[in-house]
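I opened my notebook with the structure on screen and wrote down each thing as I looked it up.

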Amino acid sequence: MTDLAERGAPTTGRVRLAGLSSGALSFLGAWMVGAAIARLTGAAAVLLLLAATLVGFSAAIVSGRRSLRSISVTDLAVSPLTTVDDETAVLLQISGAPVHRDGVLRVSDGAHDLATIPFDALDEHGTVHSTISFSTPGIVDRLHVDIAHAGPVGIVWMRRNDVVPIDPVWVTPLPLGPTIDVETASSNVDGAVLTEHGPKHGDIDGVRTWRDGDGDTSVHWPSTLRAGSLIVHDRETSRDRQWIVDVPAYPLEPDAAARVTHTLLEGLRMGHRVSVRRAASDGVGQPDRSPAVAVMQPDDARRWGAELIGEHRPDTNAPTPWYRRTLHVNARLDTFSRVGTRSRWLTALASLIALGMLIGALDANPTHIALGAGGLAVGTMISLWCARRERRPWWLRLLVGGATIGALASIGSTVGGIGGLLEALRGPMPDLLMLLLVIHGFEVVDRRTLRVHQAIGGVIIAYATGLRIDDRVGLWMAAWAVAIVAAVRAANRRDRARPSHAAPRLHRAAKPIGAVVAAALATLAVLSIVPVPDGPARLGLPALSNDAPTAPTAGGLAGPSGNAPAPSDGTRGSLGEVGGYPGFADTMDTSVRGDLGDQIVMRVRAPKPDFWRGQTFTNFDGRLWSVSPDLGRRRTGPQIQVPATLGDLPRQGIAAETEELVQTFYVEADLPNVVFAAARPDVVTFDGSIYTRPDGALRSDVTLNEGSVYTVVSKRVQVTSASLRSQGDVSDMFEAITDPAGRAVIDPYLAIPASTTQRTIDLADELRRPGASTYDTILAYQNWLAINTEYDLDAPVPAEGADAVDDYLFVSQRGFCEQIASSLAIMLRSQGVPTRIATGYVPGVRDKVSGVFEVRASDAHAWVEVWFPDSGWQAFDPTASVPLSGEAAQGSVGGELVSAAISGIASRPVEIGLIVGFATMVLGAFRAIVGFVRRRRRGRWGVLQDRFTELTGPNAITNPERATAFDDLAATELAELLDQAAFDPSWQDTNESYQSATRALKTLEVSG
């Protein structure tokens, strides 16, 4: 048998996608459910989960391709002679095939599979002995080896078809009668052979045997005389007769070759001398009279049967066009299905994390977590027990079925009528998902059900991620990701004992760490083109507390406790409560600031920042602002259309571009019945009634207690600096309104209190440039305030009877947002620009992972709204930086994550340094302990042997074979030293020899 290298290198085929592993389709279903949840919630964290999953799937394909490319055929040998449909021995040797992973080898002739060999049939050298059978005859000099491998992850199967040259194999057709015509002749072999036949029957007197020169027939005289009649004997026996088979021009058809084979074998069976004479080279005319080729053995006859056919040509059908091919989502390539203990427990851990995350999102008590953890643990143990028995007992099925029915009945008893999909998602769906996860844990007995269980956990994680808005979402997701990745990888490995020489090493850890970093970067790259979602955030919406206090008067204000806000007594902090900001009352005293803490009062999920407006104030007496007395109209939820109010829309005939801004408000502390929203609310999803006021403010009929959730869709005119500047001096437009009805609408927004001082008006005149646009005038006022005044929450209050604006601009020049906004509003009114004061909250700090703005009590604020005829009310504030609606770029999810990572690292260098240092210490201690145990058990030379074995892999058995893997003399030196330590009885352990071996090993480790 020749070496594979001598026969020629195999032709390596392209790596192609073969299909998905059993149960892997459930991951696709989970991903699609996650996409639907992302659309329903608008949660950036769900998009992160989807992108990471997509990158993980792509990584599975890439790693599968790389892993498959590392596998190659090193030897393929088949018995040289066989018959169609008879089994014949084959030897196949593969290098680089991980026997502990899922993979399969298929040997074929190009059309028919001849042998299917799983990876686990390979020995430690990658060799397997098997049998194959050919279905068509001919001479085979190459075979196809189809290598299919599930890769390290085991989800996506890749395949490659290599054409491997082999020593020729003669595949003989089955002999087919009758015999063909043959030319017969007497043998030209002389009497030396003939004497072997002995005396003829009837010789009674030792008559001579046949001699040279005797004819083919002769009278046997002794018998003739005895019998009294002429006795003639044939000279020839069957061996004395020669069959000459004339073979026509070939290749022949299989049936014709089968008849020739049958004729040759029949001649040999009858004892004839058989030979084959070839036809003329051109296949016409008389046969070639060159000497015939003798057929001595039956194997020679069978070889002729294969040679007459020539090259092995298996029947192949025309390839199916790509557009008519069937897509196989499960290629049925899995070679083992039993679930491993490690992968099962890792999956249980991932399921527990998913369950804990969802229970936390639903504000359940620890008892639910304990019950879920217990159910998962029991299900894991029972499923492993059933997997080992390869069956589930009837009593277990009955028990699980009864528990399922009972749990469903319990859930159904707590659920009222379900009016649609969203109500189902908000109501029984979380309970059903958790029940499904726990109950399905008892069904996990193979890898298919294991992957389905993992997919269910993924759906729960996506659901919980869409519901959770706290700053621990990232930690939960990271914990689940680590557990599920480990579980998925472990599912593709058979449970095998870890080799005694295996130990954690830095170069081993570098590869998975590098893979994690690469996956993280790829995920960020994908998310860098995904904008921050603006979904409706409908999961869990709307929600109000059942015991929320009702407002004392219809359409009136109510504090967090349900009482009407007490009037200000002029002292700081008199309102006391978290929601007690003085701007959330019918009047706002510019000399009072509520004593606000720093706790989170609400979270807002929105793609862009904005002022979360609650109240508007129009009338000002120099110290107090007051709201309009018109309470508006009551509208009932859950879907409430909010009509446009005065100044919300551009003037008639002006086309303005608008954009929807979806905000979902999650109330984290008891607040008054003010419904906060970005400017120009259009639709409110609210589980109650709302009064839509003519000044654009919204009030609920109950207070917004902790746990309240609602969504607002605002239609914002896309305002930019250029569009505001292009409107010029808006005072000219409002001065042009002269009819009494129009003036009655405009004048309240231009009214200046009698207490306004002349120097306030003079300052406004001085800062206004002639011909400048109102937008430029506002910028000039804000710039002057920023330079000449100071924002100070502890600023002194105006003296009794003093004008608050004058006191702030010229006396204290220190103040808080109410005084600053009042000053800007009065200065603009003095120039004929309509203004009003709005109160609410600034956007807050955005959590980049959960995608929500965290709004604290200290974010309560007052700002100015200016009426631009072509775009409507526009917010301005000298102390808060909120971009204009048309200039607020909607960032990408990836960009926000990168920003969060950078800011997190920059803000916590000490903590991160301590964590890295602690992790390094733990790793070092672990390595030291493992190393100590290994040295005690193996000895120092045994440790060196283990490290040398790790470098070379399982295919090499002896140390000299391992040394051949390196083009380095250090490998040879190390192999000799290790063999001496192991086998030389006269060897002595010295420090010099040990140090020499250590240096050689380090050289090899560094080089590769």
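Below are my entries, grouped by topic.

**Entry 1: what I am looking at**

I note at the outset that this is a predicted model.

I began with strand S5, residues 103–108. How many of its residues are buried? I found 5 of the 6 buried, so the strand is largely enclosed by the rest of the structure.

Next I looked up the pairing. S5 and S8 run antiparallel and are joined by 6 bridges. On that side, I see Gly103 standing opposite His149 in S8.

S5 also pairs with strand S6, residues 113–118, again in the antiparallel sense, over 5 bridges. Val107 has Ala115 in S6 as its bridge partner. S5 and S6 make a hairpin with 4 residues between them. I checked the turn too: Gly110 has a positive phi of about 105 degrees.

**Entry 2: salt bridges**

I looked up the total, and the structure holds 29 salt bridges. I went through three of them by hand.

Asp146 and Arg159 form one, with their closest N and O atoms 2.8 Å apart. This pair links distant parts of the chain, with Asp146 in strand S8 (residues 138–149) and Arg159 in strand S9, 13 residues apart. Is Asp146 buried or exposed? Asp146 has a relative accessible area of 8%, and because buried means under 20%, Asp146 is buried. Arg159 comes out at 34%, so I logged Arg159 as partly exposed.

The side chains of Glu183 and Arg277 meet in another salt bridge, at 2.6 Å from N to O. Glu183 lies in strand S10 and Arg277 in strand S14 (residues 273–278), so this pair ties together parts that are 94 residues apart in sequence. Here Glu183 is partly exposed, with a relative accessible area of 33%, whereas Arg277 counts as buried at 8%.

For the third, I found the side chains of Arg603 and Glu668 meeting at 3.5 Å, N to O. Arg603 sits in strand S17 (residues 600–605) and Glu668 in the loop between S23 and S24, 65 residues apart. Arg603 is buried, with a relative accessible area of 8%, while Glu668 counts as partly exposed at 25%. Which residues belong to the network of salt bridges here? Arg603, Glu668, Glu854 and Arg856 are linked in it.

**Entry 3: backbone angles in loops**

I then went looking for backbone angles to write down. The peptide bond from Gly177 to Pro178 is cis, with omega near 0 degrees. Pro178 is in the loop between strand S9 (156–172) and strand S10 (183–186).

Asp85 is not a glycine, yet its phi is positive, at about 75 degrees. I found Asp85 in the loop between strand S3 (81–83) and strand S4 (88–95).

Arg680 is another residue other than glycine with a positive phi, near 60 degrees. Arg680 is in the loop between strand S23 (658–667) and strand S24 (681–685). At 9% relative accessibility, Arg680 counts as buried.

**Entry 4: helix H9**

I tested the length of helix H9, residues 366–389. At 1.5 Å a residue, its 24 residues should span 34 Å, and the end C-alpha atoms are 35 Å apart, which agrees. I also listed the buried residues of H9, among them Gly372, Gly375, Gly379, Leu376 and Leu384. Glu390 follows the helix, and its phi is positive, near 60 degrees.

**Entry 5: a nonpolar surface patch**

Last, I turned to the surface. Leu25, Leu28, Trp31, Met32 and Leu54 form a nonpolar patch there, with about 470 Å² of accessible area together. Which helix gives the most to the patch? Helix H2 (residues 25–41) does, with 4 residues. Trp31 is found in H2, and I noted it as partly exposed, with a relative accessible area of 30%.

Note on methods
Residues are numbered from 1 along each chain as its sequence is written. This is a predicted model: local features need pLDDT of at least 70, side-chain atom pairs count only at pLDDT 80 or more; totals for chains, interfaces and linings use all residues. Side-chain values use heavy atoms; hydrogens and water are left out. Helices (H or I, at least four residues) and strands (E, at least two) are DSSP runs, numbered from the N terminus. The expected span of a helix is 1.5 Å times one less than its number of residues. Buried means under 20% relative accessible area, exposed over 50%, partly exposed in between (1.4 Å probe, protein chains only). Patches are made of residues with over 30% relative accessible area and no salt bridge: like charges are joined within 9 Å, nonpolar side chains (Val, Leu, Ile, Met, Phe, Trp, Tyr) within 5 Å. Accessible areas come from the Shrake-Rupley method with a 1.4 Å probe; for residues, only the protein chains shown count as cover. A salt bridge is a side-chain nitrogen of Lys or Arg within 4 Å of a carboxyl oxygen of Asp or Glu. Two strands pair if DSSP finds at least two bridges between them.
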